[in-house]
Amino acid sequence: MTHLSPVLAFSPEIVLVLAGAGVLCFDAIWPGRGRVERWVTLAAMALAAACAVLVAMSPQLYGVYFAGSLRVDATTTFARLLFMATGALVVLSSWGGDGEGATAEYYGLLLLSLLGESVIVMSQTLIVLFVGIEMLALPCYALMAMRKHLAGAVRAALKYFLLGTFASIVMLYGVALAYGALHTISYVNGLFPDPVTLGAVRAGLAMAAFLLLFAGLGFKATAFPFHFWSPDVYAGGSAPIVAYVATVPKVAVMLALLRVLGPGFAAAYPVGRTFILIVAVLSMVYGNVVALLQDDVRRMLAYSGVANTGYMLIAFAVGGAASARALMFFLVVYAFGNLGAFLVAMAVGPDRPVSLKDFAGLAGRNGLLAGGMAVCLFSLAGTPPLGGFFGKFALFKAAVDGGYAWLALIALVTTVIAVGYYLGVASRMYGSLVQPEETGSEGVASIAGRIVVPRPLMAAIVTCALAAVVLGVAGVTLLAAAG
Amino acid sequence: MTPTLTAFLVPALPAAAALFLAVFGRRMGERSSHVAIGALALSLIASVSLLVGAFGHEGPLVHATVPWAVVGGVPIEFGLFVDGLSASVLVMVAAVATMVFVYATGYMKGDARYPWFFTVFSLFTACMFGVVTSSSLLELMLFWEVMGLCSFLLIGYYFERPDARRAAFKAFITTRIGDMGLLLAVALLLGRYKTVDIPTLLAELAKEPKAFMWMICALLFAAAVSKSAQFPMYIWLPDAMAGPTPVSGLLHSATMVAAGVFLVCRAYPLFVGADFLPMIAWPGIFTALYGAVLALTETDIKRTLAYSTMSQLGYMMVALGTGGLVAAVFHLITHGFFKSLLFLSAGSVIHGTKTQDIREMRGVGKTMPITGACFLIGALALSGIPPLAGFFSKDAVLASLLGATTVQPVFGGTLLVVGLMTAVLSAFYMFRVYFGVFRGPGRKYHESPRAMIAPMVALAGVTVVAGAINLPGLRVSLAGMLEPGVVEHAFPWLMAVSACAAGAGVYIAWESTRLRRALHGTGPIPPNLQRLYGGVFLRPVFAVSRFLRELNLDYILENLVVAPVLWLCGLASRLDPDVLYTAVFVNGVGRVAASLAAIDVTVVDGAVMAVGRAGLGVARGSGFVDTRGIDGAVDGVAGGTMALGRGLKRLQTGVTANYALFMIVFGVAIFYVAWWLAR
Amino acid sequence: MTGMVLFFAAAGALIASSIAMLFTRQFVRSVVLLAFSLILFGGLFALLDATFLALLQLLVYAGATTMVLVFVVMLSRPKVAAFSTLLQPQTGLAAFVVVAVAYPLVSTLLTLAGTLSSTSQPVATTRDLAYALLGPYAVPFELASVVLLAALVGAVYLAREAE
Amino acid sequence: MVPPVYFMVLGAIVFLIAMFGFLTRRSLLQALMCLELMTASVSLTFIAIGRSMPDGGLGGMAMATFVIVIGAAEIGMGLAIVMLYFRRHGDATTDDIDLLGG
Amino acid sequence: MKGIPVLSVLLLIPVVASLVVLLLPGRMERLIKGFTIAAVALTFGWSLLVLSRFTIGSGAMQMIQSVPWVPAIGMSFKLGIDGLSLPLIMLTSLLTLLCGIYTWRLDKQVKAFCFLLLLLLVGMLGVFLALDAVLFYVFWELVLVPMFFMIGIWGGANRRYASVKFFIYTLIGSVVMLLGLLLLFFWGPHTFDMQAIIAWGQAGKFTLQQQGWIFGALFLGFAVKVPIFPFHTWLPDAHVEAPTVGSVLLAGVLLKMGGYGLLRVSLSALPQAFAAFSPYLAVLGVIGIVYGAAVALTQKDLKKMVAYSSVSHMGFVVLGIAAANSAGVDGAAMQMFTHGIITGMLFFLVGMIYERYHTKEIARLRGLITAVPALGILWVFASFASLGLPGLAGFVGEFTSLMGGLQVFPVITAFAVIGIVLTAAYFLRTLQAVVFAPHEEDSARYEGPHTMDGTEMAAVAPLAAIAFALGVYPMLFFSIVDPVGRALATLVGR
């Protein structure tokens, strides 16, 4: 069985590659509309998920493969399942009424991008990590630009490409420096060894390498100084892809960072820890405060993404196994909440910028949509009994446990600010359900008729909302299991 | 019928009647009064039997309690406590109440809310009985305040009229202020002694340091002052006349106002122990004088009687203040009879003449002989003309004053002199009203119906006889009951002096009425009066009285209480944190931001400028409270956050190159800061 | 000794051409300068005995990418006005940052060199590289092919739709 | 034999120049060219560092290979998007696409 | 019956009911309303069962159920009930039942309203039952969302502002409180089990400095909820805009969570810090009493006046808690219960008046006694009960708190008396204007029927009865609370 184990261990990835290539070839032979490819993609994802579960059930497959370049363990399984789930939701949402946008290439690239995600999580060497990031990014640039009739799409794609490539090249330079400082680029058990063994100079260079590496990963995870691209790109890009880009890469990069830095990094490297702390605090404050000002819903969600990255970084600043577990649960909850919110924004204003005014009286126009949005937002805001609360609670508890009570306090205060703008949306949606909203300060646009939402998109939104609720009540035990 | 059961029946019956009428009153209409009067009659009989039982029985006749609540591990019991004092007062209250109830059936006939009137009236009587028979201070307070509620509802009975509403409001608030004293006293005592049972309390308190006892007395006396309308808390009594006359007849003559005096009597050993007596005497005598003087120039017949009640209560207080417990109780009982008689007859007069202004009433006596006679008997009793009850009780009060003089000549002396002056004035204002209203030529009025006349006549009879209950030699006397064994030393010459004082008052009243008629050109001018009395006695007194009426001290005192309250409320609403936040945060921070923007430093509008603006997050002069986002939901604090947000938002220039630049700049900056921090 | 001369010549030329590329106003001249600097990079690789890399660089970058760049410009005929001047708001800050980063980076590189062993050990030949690419580096190799596939499909789709 | 450290320094210098170019260039194409230059300098650094590693530059060369390959793929994709952008906006400057607003 | 986890079922009924309501079709409003009333009635019945199985007179925690929920963060689903929480549970289930009956007249968005009402019931019951710090916090926050939507959707004109302000204020408080709970975990026995924490605190294992920090954090959370003086500005806005049922539950139950928290967590687990801080707490309480009454006197809006009266009455609760002797704690518990009953009744009446006159402005409301005699009499009864007339429930709570306060802070407590007089002043002023003053030409017109309909009477009558019964014979209540009061008092050594 041993020589087969790599194939079995990586069966989900193999399925994805084959499906990706298959969809592309299939279209080359029968250039029909995107009808069949949709189902093939979903089937492939389901199969990949099944394989992942099978691999999880036979732990002897766990281990490091291909001379220390890929690792399959519990985190990988967790990542695979999450990516397949979110990927499936994105596919569902991009079914779209017009179907014009969802051509074969669209699904092919999406599958390849998903492959890139799981490669990132599984990688154990920096070069594989870099290749994984590119595999994730390139399809996104293309997908972003795919809906050409959309004025902003091409412009957003170009901006995303330029800054994305810039960031990855900067990261590459970091990899080079790391190779120079550490003589190795493999991080099977954490890239940065004990600083004492490295000696002062090489430790210094290692820190420089860490900065540049963090720049590359921070870009994808929209941490504070590296997030500037996200508001413009989210506001401009075509909806389903924006939802995908805003959620899945962030989760992948966070898990990759978890592997690269390893549990001991925070304790060993005070400079690194302080850097992450500052970035975390700035992300939280900046993200929430600026989000308060936004009128475009997707921009607001972009800034909320920045803030949530800040919360995620707490786990790195604190370090240790407990915070890693807390981070993973938070990632799941964030993924579904954020995805749901973006999809609702897409449903409210397909392929056009969506402003808060469009959400006025949404409850009257489509109850289920408003309900889904409310649940996702309240989960992101962290109100019990939704999953968001337990995610944030676990993180803050880890922070206080690690002696960073002040960090937890800042996080709590910024959460309150976050509730501010989440509530703004919720109160707009439900405000005029009973009495008509007087034309208040923002002069409510005439509330248009009922919003018709394509069935698969609504299914995706409801799934996200349900996930937030289930994660809240039952999923909490998941927190223990995910460990 | 054990005494305890009868004692329980006395308050229970009218309470039951009140409950019954509350539910079925509307349907019974006019017949609802029968229920009330029946219950009251039974209570009267029960109280008389109690009185008989209580006489000669050492120690309290009835002392039974039942657990009411357990607070902080302290069991609080409510129950009944009947001794000589309460039995005697009980009888007086029951008798007067019965008479007034009968009178009310006549007076209130045809009123729309007749059953409601008798419901509240019965509830009131039940509460008065409750106050008199309660064993624990907390229970007393409970009945005390419910009595306040009944007075609010009764005074405000004609709630269509704004003055009645105002009077009710004023009455409740003023008494409420006083009740706070009682509340604090009860809370303090319960907290310290873990019991509220009056006898045990009095025993415990005897052993207490003087200061604490003095404080408790002060608190209790505050409640008494407000209830018995002593100076300065008397302002509600004159206005309370806005209520129907039976209410004035019962509440503001015999029962409610007497409750204050009764409270002091009930806790008398405490007051004596803390030698708090002078503090009672001085306000008492001043109120007596003050009431009498104001009554002189009062034009409304009921307000005159109200000031007279205030004055007589002053008398009782001063008697208590000089150790004359028996005198006070005796005067309380007799006053209850003749004052309610006066009120009822005044009511009958008003009923006949349809006006309350004595200047418009002329010669009522001719056409309403019985009312006239009753009023005369009441007036004689009040002035203290022997052999009526008033004479004996007022004499007892003056005797106690004289007794005090023997102990402290200055203190007692002044009290006695002022007491006598007030006696003269009392006689004077009573007969000024009598002569003015009942004597001389008058229009035709027809006598009030029998239902009103009968109780008046009965009360008149009792007033004549009441003096006897405390004759020194008598075997069954009030003194015997209250202070068995204390020999009451009588001062025969004092009786003579007080009788003369009363007579002088009557004579002056007669002369002044003739003088007034003369002034109005309706009668000859008596030559001797001007020279002899006018100069010496009449002019200054009238001047003072007129001055006081213009001064309208009531209004001033009222504002003394209301002004600080309005100021406090104004301050509170300005202090409201909501207002505070907007003032401090929204405008304050706004002004700071605006000033900062004014010195808008533009160095090189290149890289440094961008970083500078972003870093500072200065709210560039834009409208500060721009309620974007959450519609300005969170107040001042949000304003600050918004400004910070607007500052940071400027980083989002939209230029790709800028973004790359910011990534590198901030990345390196944070790295250096981290390096510096963690070195 | 000749190595040193060659190195300094190439380095000087490389720096000159890259700076020139930035400051030229015509597009064609900048593309030529870019090609020239990439070729110099190939030479430098050769100097470091990385012959395969040098060849790869010449072929991929100097050749293909520059040509594609030119084709794209010619095909879509953008109104290529002369590149605007260098000066814009952020130039000052960018220059400041570059200098701020340059100094510590170069100094650490110099000190790093001290820690690294001398160049005496056996030079890795292209054969070793080949074995490595299919040995320990097999995974990135395969994944690189997938990335190329993705890029190709994306580029073709976007370009095709363009007409 | 030229000590590898010179190459590293050279790589760093060219990287910084190219980065400066990217940070300040107005034109889209210039930005792409700078990215290419930066990629090249990174691969130079990789080889230089690899050269002074005990394995005689094997790791460095392998990594440089991947850098070049992936870099090429990026530039390819980038040019496709740029051509699409030209098709729509017909202008080469990057500042045009940047006025998306904050 | 032994085996069944009684308390969990008490929570389960409303949870299941709320899910069922979600499934019912929106059109069948009568069915939904009927089902909701049935569900709430069942909950009330079950709470009566809990009352019957509760051994009165024991100060200890009873009917404890504990199921580990998230071992990873040391959290378990632990419920329990004692003399302190039982009355509040009864109050909650009773008020919600009456609110359920009152919603029979609701005709707008019925399904959503019933769902929110049941969710609110779960949250409120949960807070008083939870014995696990995180569970306490979860239910504490859970209550916010339904109340936010209730005010936001069915509220008055300025509802958006009021609902968001209510949410943010309470959230700020509870977020800091969460920090306090976390500190309790870390400095304490490393478990969220409340009983373990309280035992740890009572054994004096928290250093005073630690207690100070935790107390400060917890205090902010509870102070916003009670509300204590400087943190109360959300209450009037929330009340003015909230629908009748929202106001009743907000004033009737939500305010008590703060008081309950102070007693259950702050007093029990941090006795020394509590003793040190209690004088300031007493001062804040008395300020609340006087301030609340003073501002109420200046109010022109009937509902805002009642809201500020709540601030004033809750001042007594704070005073009682600050005294921390057995009388004080009994008084606080009693005042919380009676305030819930009486203010609930007041808000019902205000709602009924608003429905008839469509204005809450005292200046324009006239002649209620002639228009709807029953409503007029009930308003008089509620006003007198609320201003603390002895013989009615309001007095007992206030008197006991005062008694407790006088023993410990005689001077400070004496000032509270001003508040009582002012309370009498503003209630009577309003009473005379609204009920007794005759109809003028500019006052609001009302031509409707002169009687109260069935649901209205059903909502208010039980409250009036309880207010009267407890006023006349408070033994019913004190026998339950007194043992706990005595136990808590010994903690602070008063």
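Let me begin with helices α11 and α15 of chain A, which span residues 239-261 and 321-348. In this predicted model, their axes come within 8 Å and cross at roughly 170 degrees. An angle over 145 degrees counts as roughly antiparallel, and α11(A) and α15(A) are therefore roughly antiparallel to each other. On the α11(A) side, the residues that meet α15(A) include V242(A), A246(A), V251(A), M254(A) and L258(A). The partners in α15(A) include L327(A), L331(A), N338(A), F342(A) and M346(A). By class, this contact has 16 nonpolar residues, two polar residues and no charged residues.

Helix α11(A) has a further neighbour in helix α9 of chain A, residues 200-221. Here too the axes come within 8 Å, and the crossing angle is roughly 150 degrees. That makes α9(A) roughly antiparallel to α11(A). From α9(A), the contact is made by L213(A), L217(A), K220(A) and A221(A). They face P249(A), K250(A), V253(A), M254(A), A256(A), L257(A) and V260(A) of α11(A). The classes here are nine nonpolar, no polar and two charged residues. M254(A) is named in the contact with α15(A), and M254(A) is also named in the contact with α9(A).

I turn now to the nonpolar core. The largest nonpolar core has 808 residues. Which residues have the most contacts inside it? They are Y141(A), A178(A), I314(A), I81(D) and L349(E). Helix α7 of chain A, residues 151-182, gives the most to this core, with 23 residues. As for L349(E), once its neighbours within four places in sequence are left aside, this residue is in contact with L375(E), L378(E), W379(E), A382(E) and V460(E).

Chain D has four helices and zero strands, and its elements run α-α-α-α from the N terminus on. Of its 102 residues, 78% count as buried. Among contacts in chain D with a separation of 6 or more, 53% are between residues 24 or more positions apart.

Chain C has six helices and zero strands, and follows the pattern α-α-α-α-α-α along the sequence. Of its 163 residues, 37% count as buried. Of the contacts in chain C between residues at least 6 apart in sequence, 47% join residues at least 24 apart. The domain assignment of chain C gives domain 1 as 1-83 and domain 2 as 123-163. The C-alpha centres of these two domains lie 22 Å apart.

How many residues does each chain bring to the contact between C and D? Chain D brings 64 residues and chain C brings 75 residues. On the side of chain D, helices α1 (4-24), α2 (28-51) and α3 (58-89) each supply at least two residues.

Let me move to some individual positions, starting with S69(A). This residue sits in the loop between β1 (63-65) and β2 (70-72) of chain A. Is S69(A) buried or exposed? The threshold for a buried residue is 20 or more other C-beta atoms within 10 Å. S69(A) has 25 C-beta neighbours inside 10 Å, and therefore counts as buried. Not counting residues up to four places away in sequence, S69(A) touches S123(A), Q124(A), T125(A) and V128(A), and also V139(C).

Finally, the backbone. The peptide bond from P384(A) to P385(A) is cis, with omega near -5 degrees. P385(A) lies in the loop between α17 (367-381) and α18 (387-401) of chain A. In chain B, the peptide bond from P386(B) to P387(B) is cis, with omega near -10 degrees. P387(B) is placed in the loop between α17 (369-383) and α18 (389-407) of chain B.

There are also non-glycine residues with a positive phi to mention. A229(B) is not a glycine, yet has a positive phi of about 50 degrees. A229(B) lies in the loop between α8 (210-227) and α9 (236-239) of chain B, and counts as buried because 29 C-beta neighbours are inside 10 Å. Q109(E), again not a glycine, has a positive phi of about 50 degrees. Its place is in the loop between α3 (85-102) and α4 (110-129) of chain E. Q109(E) is buried, with 21 other C-beta atoms within 10 Å.

Note on methods: Residues are numbered from 1 along each chain as its sequence is written. Chains are lettered from A and ligands numbered from 1 in the order in which they are written. This is a predicted model: local features need pLDDT of at least 70, side-chain atom pairs count only at pLDDT 80 or more; totals for chains, interfaces and linings use all residues. Axes are lines fitted to C-alpha atoms, for helices over the stretch in contact, and angles run from 0 to 180 degrees between N-to-C directions. Angles under 35 degrees count as roughly parallel, over 145 as roughly antiparallel, 65 to 115 as roughly perpendicular and the rest as oblique. Two residues are in contact if their C-beta atoms, placed from the backbone, lie within 7 Å. Ala, Val, Leu, Ile, Met, Phe, Trp, Tyr, Cys and Pro count as nonpolar, Asp, Glu, Lys and Arg as charged, and the others, Gly among them, as polar. A residue is buried if 20 or more other C-beta atoms lie within 10 Å of its own, exposed if 12 or fewer, and partly exposed in between; C-beta atoms are placed from the backbone. Domain bounds come from an automatic or database domain assignment. A nonpolar core is a set of buried Ala, Val, Leu, Ile, Met, Phe, Trp, Tyr and Cys residues joined through C-beta atoms within 7 Å.
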